[in-house]
Structure formats: C-alpha cells, structure tokens
Amino acid sequence: MLTLRKIQSTILTVCISAASMLMTSCNDDDPSQPGNGTSNAQWSDINDVDLAGDMLIYEFDAAASWTATSAETWCTVLTEKGVAGKSSLRLKVEPNDGYMGRSTEVTVNVNGFAEPCRLTVRQGEGFLEKGDGRYRSVNEWMFDFMKEKYLWNEPIPELTLDYSLDYQKFLSSMLNGIAEFDDVNHDDGYWRDGERQAFYSYVSSNAPISRAVGSKNTDSGLYLTATILGENDNDPVGFAIFWVTPGSAAAEAGLKRGDFIDKVNGVAVTELNYQSLGQALLQGNVTVSLNDVKFNNKVATVTSKGSVYVGSSTYTDPAIYSNKVLETTSGKKVGYLLYMGFSTDYDEQLIDIFKQFKAQNVSELILDLRYNPGGEVLASTVMGTLIAGSAHKGQVYVRTVYNAQRTAAGEVGEYKFGEAANPEMGDYTRITEAATNSLNLKKVYVIVSQYTASASELVINGLRGVDIDVNLIGTTTNGKNVGMEGVLGKFGGYSFTFYPITFYCENAKGFRSYSEGFTPELVVDDSTIYPGDFGTSDDILSNMAINWANSGVKPSTGSKATTLSGQRVRTLRSSDEMQSPLSRRQGGSIMKLDR
C-alpha cells in the first residue's frame, strides 16, 4: 500500500528523470535541435570582397560552442572556434591575381544543432578585367600572330587572357601561361641558376626597329666597371674602361679600353660613391683624371695621363668596332675583327674589311664576339660566307624549323653559304658578294662570353655544320638556339614592333641542341683580370687567340696567361645605369620585319 510520502517520492523521481532526459537532449553530443544555432548574424548568404583582398569581421550570437571552416585556402578562418553567446567570425581573404572570379563556402557548426550555417565569400564574378582596355586591339593582334607563328603555339587557344591589360603585361601573361603547360617554351628565355631571367620574345612601341646595333644613343659612349686594383684595403679605386664606342664623345676625347679613371669632376672614386660618379661619367660632360695602369709582381702602378674632358653626344652605335691585321712571330698574317652586332646596314663595310684581309694574305682569323648579342640572320649568313668561302657554296648555313603546324604544311627555311635566295626576301646579293671576297678558311678562332648569343652562335653552329674548325676562347656562350620573325603594326597613331620566338636554328647536320650555350675549347674567365686593349697581347683573350693562331696548338693556361693573371683585380657591383651599355645591346636571330 502506497503512503503519501512514497507517492511524493515517486513523482520527484519521475521529474528528475524527465529533467535529466531534457538536459541530455541539449547536450553537445546529441545534435537534435532544429536550426543552425546562430542568430543576429551580420553576414549575408553571398558576401562580396574586394579583388585586392580584405579582412572580414562578422558578429553573431551562438546558442552553444561552435567551429568554423573554409573550403579554400585563399580565404582563411582566423577564429576557428568559439563559445556560446556573442561571437565574432573573422576571415582573411588573399588578393585575387587571376583572371577569373572565385568563391568559397565558409561553414559554421554550432554544437547541438542539426544544420550547419553556410555563407559564401566571393571575389569577382566571371572573367575579371584589370586593365583600362586601351591596348585591346594591340593585344588581339599579338595573340593572332602568336597563335599562328609562335614556336610553341599549341597551348595558346586554351589560355585565359585579359585583353584589357597594357601590351607588355599582356605578352608576359601569355608567355607565362604557355610556360604552365609543362614548360613547353623553356627555350624562349635566358636561364640562370634554374630560373628564367627574361623571355626572348618582346614587343616595343615607338622604339627603333632594331634593338641592337645601328640605334642612336646620347651619352659619353663608355662601358666601364668600378674596379679595385688589388686585394688590399688601400689599393686604388676607380673605373676600368672596357670599351669606347667609335664616334662617341669618349672616343673623340681619346679614351680607350684599359684606361683607368680615379676622379670625376675632381672627386676621388670610392666604394661609397662609385655608383653616382659612374652614372655621371656615362652621361658625359665631366672632367676625369685619366691614368695608365701597369702590373709588376701583381702590384698595380698607376701613372697619370692628365685631366680630360669627356662630353656627351648623339652617335650611332656601329657593328664594327675594330679591325686590324697582325703579323705573328712565325710570319703568319692574322686578321682580327671586333664585331658587336649583326646588321645588314654594315654588310658592305664588313665585305670591304674582308677584301683588305684577303689583299694582305690573311691566313688566320680571330673573330671577337665577346660582347655581341646577335642580330639579323642575313648578316650572320654574310659573315659565315666570308669565313667559309665558295668551297661551301650552296650548303646549308642555318635551317629554320617552325612550329608543328607550319612544319606539317611543308614550311621550312634555309639560308645557304654564298647563295642570295633566303626565306626573308627574294634575294640578298650581299651573300653572293661575300662568297667572292671570302677567306676560304678551314678554321677560325672565336672569342666568346656569356654575352655571345643568337646570330653570334649561328656563326659557331653554322660553320661547324660544314666541318670548319671553330676554336672558342673565353666562357660559355648564352645558348640562344631560337630565332624571331618580326611584325610591325600601327594602332592609334603609335607603332608597335613585335618579335616572338618562331623558329629553331639548325645547322647542316641538324644540330640545334645548344640551349645551354657552347663551352669553349679554351676556357678563360677574364672578368677579374684588368682589361688590355682589344686585339693585343695585353688582352688575355686576344693573347690566347694570337698564340693559338701562331702555333696552331691550343695554348695552356700557363706562360703568358700566368703573367696576365697577375693583373687580377676586384670589381664592384654595377648599378643598372652602369650596366645599360650592355643591356641595351639586345640582339637575337631575327628576320626582317613583316610590314
């Protein structure tokens, strides 16, 4: 029989059990409550964010503890979890550098609630144009030319491109986009330490047709390097002159390679001021203290040659810097030619020089291409013919190999020794003229460096293709085994010159695998040796070539080279301005412009 006390006890037990069950249903481990557990949220279903990126902060109320995640790494959740009550969701969104809009889903899960809360973060919608669109027609013109003629044109139709960009950025985006397809256009560009330094393909506007020789410059006409004459802290500091451009103000002032400048406008050159003084010297209209430098037992003696005023003038940078005939100790006549760029504008002068070589019974040739970045294929063919002669007339000098579509259509180009016919124009008679004035050599000595590229390397490869002995002296060449066809366009009153890479360069043997450059038979690095005048025994590379041509035996790095190696110096890092005489001499293996 139940007493009142027992009935009350039973009712209390039932209530406690019911309360316990209710508490269990709200527990974090039992997500049975309807809804998502958030309220008063500041976010929207779709939340737009600036393309430049931003920090997003949204306040909301949470019914229980919560966690948050993002589906994409470019949108980072900074507050990954929180507790019940007033809460803050913080998101960091990276800049959108691509050409397409993007979105991601951020999910907030409140413990104990069946549904997650989802919000969308969006950066742009559809295709994103980031330029002002001024060069759209120029970019479309470049795209059409690339799609047809670029050497690695297969990926081009698959690219997503922003035609609103300026023409330089558009070309870069196209070239980089192609590179993303397994680096198919690896050979379009100069590489160092596993990284591409620049693409060879280029576009310019309102610029000279040629970026190599034949262009006009206004300055002093010098290329120089800041130099310390020895290993000690108190050794002289100044500028060693590496070349003087013929016809420039510096040439008229009598400066030459190997001169040493230790003061500019009365200010002594130091390791602290050399960059500003070097820039002033390049610009010209300065007075310099000129010196002669001699080495004895590795110690430099500096002898003053007085003060000289170096002006500034507008001059045309020529292809031919120096030529002479040397007579060796064995009685051989050796022709020496310092050739700085391949341009058909100088072919007549070049042929005249070889006429003189021939008239003076030159039997050996030293071709100095150490600062020659290339130029026109036609001019290179003239050079090759002047060396090889009529014995190789009609043989292939260089064969141009185009992309797969053009090759399948039967398109191929051949430049031949001594023959005027060529892929660029009907006939170029300078080639046949070169054949009648050639030296008919079986070997040649070529001075090279990392700056030797393109049409210069065509000479090396083309001559080797017909078994002429090409002896290289210096350091490994650039390795540009590709060439460019140019096109000229006019848009909105401006001229645009476009030179993309469109062909491989093969010799008569089908060899074109020199993208790593040609390694010399005689490796000599002269970068830390004080410069002597070109084509003399005071210049270590010229000296090696002269000795080799004289004896016919490759010299060792001993004897005279050891003496010259005693002229070692320290060089200081050049500024961009001081490097400009080199950097502006960009060449190529180029065909005439298609107008």
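Predicted model: local features only at pLDDT ≥ 70, side-chain atom pairs only at ≥ 80, totals over all residues.
Is Leu 224 buried or exposed?

**Stop 1: the whole chain**

You are looking at 13 helices and 35 strands. Now turn the view around slowly. Along its principal axes, the C-alpha atoms fill a box of roughly 145 × 65 × 50 Å. The radius of gyration is 35 Å, while a compact globule of 595 residues would have one near 25 Å.

Buried residues account for 51% of the 595 residues. Among contacts with a separation of 6 or more, 69% join residues 24 or more positions apart.

**Stop 2: an open sheet**

Go back to the cartoon and pick out strands E2, E9, E8, E4 and E6. In that order, these five strands form an open sheet with mixed pairing. At the edges are E2 (46–48) and E6 (81–82), each of which pairs on one side only. Strands of a sheet pair through backbone hydrogen bonds, and they can run parallel or antiparallel.

Click on Asp 48 and then look across to E9, where Arg 122 is its bridge partner.

**Stop 3: a loop residue**

Now select Ser 220. This residue sits in the loop between strand E13 (216–219) and strand E14 (222–228). Ser 220 counts as buried because its relative accessible area is 0%. Show what surrounds Ser 220: beyond its neighbours within four places in sequence, its contacts include Ser 248, Ala 249, Ala 250, Gln 283 and Gly 311.

**Stop 4: back to Leu 224**

Move on to strand E14 and select Leu 224, which is found there. Here is the reply to the opening question: Leu 224 is buried, because its relative accessibility is 0%. Which residues does Leu 224 touch, not counting those up to four places away in sequence? They are Phe 239, Ala 240, Ile 241, Phe 242, Leu 281, Leu 282 and Met 578. Leu 281 and Leu 282 are also among the contacts of Ser 220.

To finish, use the distance tool on the C-alpha atoms of Leu 224 and Arg 136. These two residues are 88 residues apart in sequence and 42 Å apart in space.

Terms used. Residues numbered from 1 in each chain as written. Heavy atoms only, no water. Helix = DSSP H or I, 4+ residues; strand = E, 2+ residues; numbered from the N terminus. Rg over C-alpha atoms; globule rule 2.2 N^0.38 Å. Buried < 20%, exposed > 50% of the residue type's maximum accessible area, 1.4 Å probe, protein only. Contact = heavy atoms within 4.5 Å. Pairing = 2+ DSSP bridges.
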